[in-house]
Amino acid sequence: HVFFAPRAHSRDACNECHTFSETEYLDIFKLKRGDEKAEAGKIFYQTAPMRMDECMSCHAVAAHEAATTASESCGSCHR
C-alpha cells in the first residue's frame, strides 16, 4: 500500500506541462467518473490498482521531480 496524494496527481497539475484530455488522464490513473450524487465529494473511483512500474514511469522523469515532488525515493510513497 502506498500514500497517494490526489492533489499532486490532479489533472490540473499534470496539465501545467501536458495537455491530457479527461479520458487520457482517467486512463493513466485507472479511474472512472463515478456518480457524483451517490457519494458527495467522490467524483472518481479506481477501476484497478496501479503497479509500481506504472507509478515509477512518471516518477523517474527528471522534469517531474524538478516541477513537483515526484521523488523516486521509497519513502515518498511507502509510509
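## The largest pocket

In this predicted model, the largest pocket has a volume of about 1300 Å³. A pocket here is an open set of points on a 1 Å grid over the protein atoms alone, where a 1.4 Å probe fits and there is protein on both sides within 12 Å along at least five of seven lines. The volume is the space filled by probe spheres set on those points, which are joined across faces, edges and corners.

## What lines it

Lining residues have an atom within 4 Å of a point, and the largest pocket has 45 of them, with Phe-4, Ala-5, His-9, Phe-29 and His-59 nearest its centre. Elements giving two or more residues to this lining include helix 1 (11–14), helix 2 (22–28) and strand 2 (44–46). Helix 3 gives the most, with seven residues. Helices (H or I, at least four residues) and strands (E, at least two) are DSSP runs, numbered from the N terminus.

By type, the lining splits into 26 nonpolar, twelve polar and seven charged residues. Asp, Glu, Lys and Arg count as charged, Ala, Val, Leu, Ile, Met, Phe, Trp, Tyr, Cys and Pro as nonpolar, and the others, Gly among them, as polar.

## A look at His-59

His-59 sits in helix 3. It's buried, at 13% relative accessible area (buried means under 20%, with a 1.4 Å probe and protein chains only). Leaving aside neighbours within four places in sequence, His-59 is in contact (heavy atoms within 4.5 Å) with His-9, Ala-70, Ser-71, Glu-72 and Cys-77.

## How to read this

Residues are numbered from 1 along each chain as its sequence is written. Local features need pLDDT of at least 70, side-chain atom pairs count only at pLDDT 80 or more, totals for chains, interfaces and linings use all residues, and side-chain values use heavy atoms, leaving out hydrogens and water.

Notes. Buried < 20%, exposed > 50% of the residue type's maximum accessible area, 1.4 Å probe, protein only.
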